[in-house]
Amino acid sequence: MNEVLSYAALRSIVDAMPGSVAVHAPVFDEHDLIIDARLRWWNSSYGTLHNKSSIVDQSMRAIYFEPDNALDYVRQAWESGSAHQYFSIEGDVLARYEMFDEPITLSVDWIRLGSHVVEIGENLTLLTDIQRQLASSDLELLEAWRTQQITEAKQRVARDMHDSVMQRL
């Protein structure tokens, strides 16, 4: 059974994704260098990211906090097919994003599809918190093991001293 997925069905699937998805059209200068990117489509998660409303044909330079950084990833994706970005949003930058009230860690994949670059972002804050908790647990386990080793060594020394004193007596 070969069932073709309709545009409406695909759109509803992508729109329901928890991560942000946006499709950008690169803008080139007279030397064929990418100087900007225009927003062509986005899902609801992407639409709630910024304080400014997302609109069709919006300039990346106008909406992104660090547009040159984002455009570097668009260029990488354009040239090599994909690029990966990993960063945290915190401090003063956090105020530029409506949906986050605490610092977050994001992973963004930039993928070239034909004449467009697709941006797919995922919030990794929960994963980062779990990694921190695991690291903390690892440190606690290491400290408990170290304490146990010291206690056992002290007990060994005490037994050896006791045995040697008993032999001398």
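**Figure 1. The open sheet of five strands.** In this predicted model, 5 strands form an open sheet in the order S2-S1-S5-S4-S3, with antiparallel pairing. Strands (E, at least two residues) and helices (H or I, at least four) are DSSP runs, numbered from the N terminus. Two strands count as paired if DSSP finds at least two bridges between them. The edge strands are S2 (34–42) and S3 (82–89), and each of these pairs on one side only. On average, neighbouring strands of the sheet are turned by 30° against each other, direction ignored. Helix H4 (residues 67–80) lies across S1, S2, S3, S4 and S5 and runs at about 160° to S3. Such angles run from 0 to 180 degrees between N-to-C directions, and the axes are lines fitted to C-alpha atoms, for helices over the stretch in contact. Contact means heavy atoms within 4.5 Å.

Residues are numbered from 1 along each chain as its sequence is written, and side-chain values use heavy atoms, with hydrogens and water left out. Local features need pLDDT of at least 70 and side-chain atom pairs count only at pLDDT 80 or more, while totals for chains, interfaces and linings use all residues.

**Figure 2. The protein chain as a whole.** The protein chain has 5 helices and 5 strands. From the N terminus on, its elements run α-β-β-α-α-α-β-β-β-α. Of the 169 residues in the protein chain, 30% are buried. Buried means under 20% relative accessible area, exposed means over 50%, and partly exposed lies in between (1.4 Å probe, protein chains only). Among contacts between residues at least 6 apart in sequence, 46% join residues at least 24 apart.

Figure 3. S1 and S2 pair in the antiparallel sense over 7 bridges. Alanine 25 has arginine 38 in S2 as its bridge partner. The hairpin of S1 and S2 has 5 residues between the strands. Aspartate 32 lies in this loop between S1 and S2. Its phi is positive, about 65°, although aspartate 32 is not a glycine. Most residues other than glycine have a negative phi. Aspartate 32 counts as exposed because its relative accessibility is 62%.

**Figure 4. Aspartate 57, in the loop between two helices.** Aspartate 57 is found in the loop between helix H2 (44–47) and helix H3 (60–63). Its phi is near 75°, a positive value in a residue other than glycine. The relative accessible area of aspartate 57 is 38%, so this residue is partly exposed.

**Figure 5. S5 and its two partners.** S1 and S5 pair in the antiparallel sense over 5 bridges. Serine 20 stands opposite glycine 121 in S5. S4 (residues 104–113) and S5 run antiparallel and are joined by 8 bridges. One of the bridge partners in S5 is isoleucine 120, which goes with aspartate 109. In the hairpin of S4 and S5, 2 residues stand between the strands, and glycine 114 takes a positive phi near 65°.

**Figure 6. The surroundings of glutamate 122.** Glutamate 122 lies in strand S5 (residues 116–123). Serine 107 stands opposite glutamate 122. Leaving aside residues up to four places away in sequence, glutamate 122 touches Gly19, Thr105, Leu106 and Ser107. Leucine 106 is 16 residues from glutamate 122 in sequence, and their C-alpha atoms are 5.7 Å apart in space. Glutamate 122 is partly exposed because its relative accessible area is 33%.

**Figure 7. The second largest pocket.** The volume of the second largest pocket is about 180 Å³. A pocket is an open set of points on a 1 Å grid over the protein atoms alone, where a 1.4 Å probe fits, with protein on both sides within 12 Å along at least five of seven lines; lining residues have an atom within 4 Å of a point. Grid points are joined across faces, edges and corners, and the volume is the space filled by probe spheres set on the points. The lining consists of Tyr7, Leu10, Arg11, Val14, Met17, Val21, Val23, Trp41, Leu113, Val118 and Ile120. Helix H1 (7–16), strand S1 (20–28) and S5 are the elements that give two or more residues to this lining. H1 gives the most, with 4 residues. The lining residues divide into 10 nonpolar, no polar and 1 charged. Here Ala, Val, Leu, Ile, Met, Phe, Trp, Tyr, Cys and Pro count as nonpolar, Asp, Glu, Lys and Arg as charged, and the others, Gly among them, as polar.
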